[in-house]
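Here is a short tour of a protein model, written for someone who likes cut-offs spelled out. Please have a look at the sequence and structure, and then read on.

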Amino acid sequence: VNTDTKTPVSTTQLKLLNEECIVVDRNDNVLGYDSKKNCHLNVNIKEGTIHRAFSVFLFNKENKLLLQQRSKYKITFPNLWSNTCCSHPLRALSEDNNTFYSEFGNELEERDNLGVKRAAQRKLDHELGIPVSQLPVDKINFLTRIFYTAPDTETWGECEIDYVLIFRGDVNVEINEEEVGDIKWVNEEELRALLEDTSFRTTPWFKHICQQFLFSWWSDLDSIQTK
């Protein structure tokens, strides 16, 4: 594997490239499935490969947002700051080779965006150690989907239909250093200041969501939570 990154990539991260992402068209219709590796190769992105993803914005009860700095071991966008959690719903095959599931439930289910929300539960647990018991799926709110594409290195990039999810509640956090380099809780004023700081390097999807949506949502969290 040509990792083409500026930082060392771990064996674990290379293994995760075998996960099967959901390949979609620009309207988020499922076309099939492909490996995480193939979905993130620029050569395939240039040919039109798009995959389904999600971005979670987790606020505590003081309305502070949890940010994560991506681990130095990440294959795409290592060391950059981003929203609480960003990843992909996956296809997993059951023993009878007929039912798709993860231990958190079927991540392909589109009714009420349940598949994406289950994937969010799985990754918040995996990356940040947040117990699923603190993340009830009916409290994870879907706000919108965005399409974006962003190259990282010559080899790797992103091309996603990204489901934006918001959760508000107090949670216990224990970071997985394989996935997360650092975290910080910020209020709205603090995040605005960070975004003005040129040394605060962010992922392209986080920057886009901040510029287009985040601060209007932030002022309306009570309404969003009761939807």
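Predicted model: local features only at pLDDT ≥ 70, side-chain atom pairs only at ≥ 80, totals over all residues.

Residues are numbered from 1 along each chain as its sequence is written, and side-chain values use heavy atoms, with hydrogens and water left out.

**Aromatic pairs**

A pair of aromatic rings is described by the distance of the centres and the angle of the planes. Rings of Phe, Tyr and Trp (its six-membered ring) pair if their centres lie within 6.5 Å; planes under 30 degrees apart count as stacked, over 60 as edge-to-face and the rest as tilted. The count by this rule is eight aromatic pairs. One of them joins phenylalanine 59 and tryptophan 218, edge-to-face because the planes stand at 70 degrees, with the centres 5.2 Å apart. This pair links distant parts of the chain, since phenylalanine 59 belongs to strand β3 (residues 50-59) and tryptophan 218 to helix α6, 159 residues apart. Helices (H or I, at least four residues) and strands (E, at least two) are DSSP runs, numbered from the N terminus.

Another pair, phenylalanine 213 with tryptophan 217, is stacked, at 5.1 Å centre to centre and 5 degrees between the planes. These two are four residues apart in helix α6, so about one helical turn separates them. Ring pairs also link Phe59, Phe215 and Trp218 into a cluster.

| Residue | Relative accessible area | Class |
|---|---|---|
| Phenylalanine 59 | 0% | buried |
| Tryptophan 218 | 5% | buried |
| Phenylalanine 213 | 25% | partly exposed |
| Tryptophan 217 | 14% | buried |

**Charges over rings**

A charge sits over a ring if NZ of Lys or CZ of Arg is within 6 Å of the ring centre and within 35 degrees of the ring normal. Arginine 26 lies over the face of phenylalanine 147, 3.8 Å from the ring centre, and lysine 184 over that of tryptophan 81, at 4.8 Å.

**A pocket**

On a 1 Å grid over the protein atoms alone, a pocket is an open set of points with protein on both sides within 12 Å along at least five of seven lines, and lining residues have an atom within 4 Å of a point. Residues lining the second largest pocket include Arg192, Phe200 and Gln211. Helices α5 (188-196) and α6 (204-218) each supply at least two residues of this lining.

Note on methods: 1 Å grid on protein atoms, 1.4 Å probe; cavity = no way out; pocket = protein on both sides within 12 Å on 5 of 7 lines; lining within 4 Å. Buried < 20%, exposed > 50% of the residue type's maximum accessible area, 1.4 Å probe, protein only.
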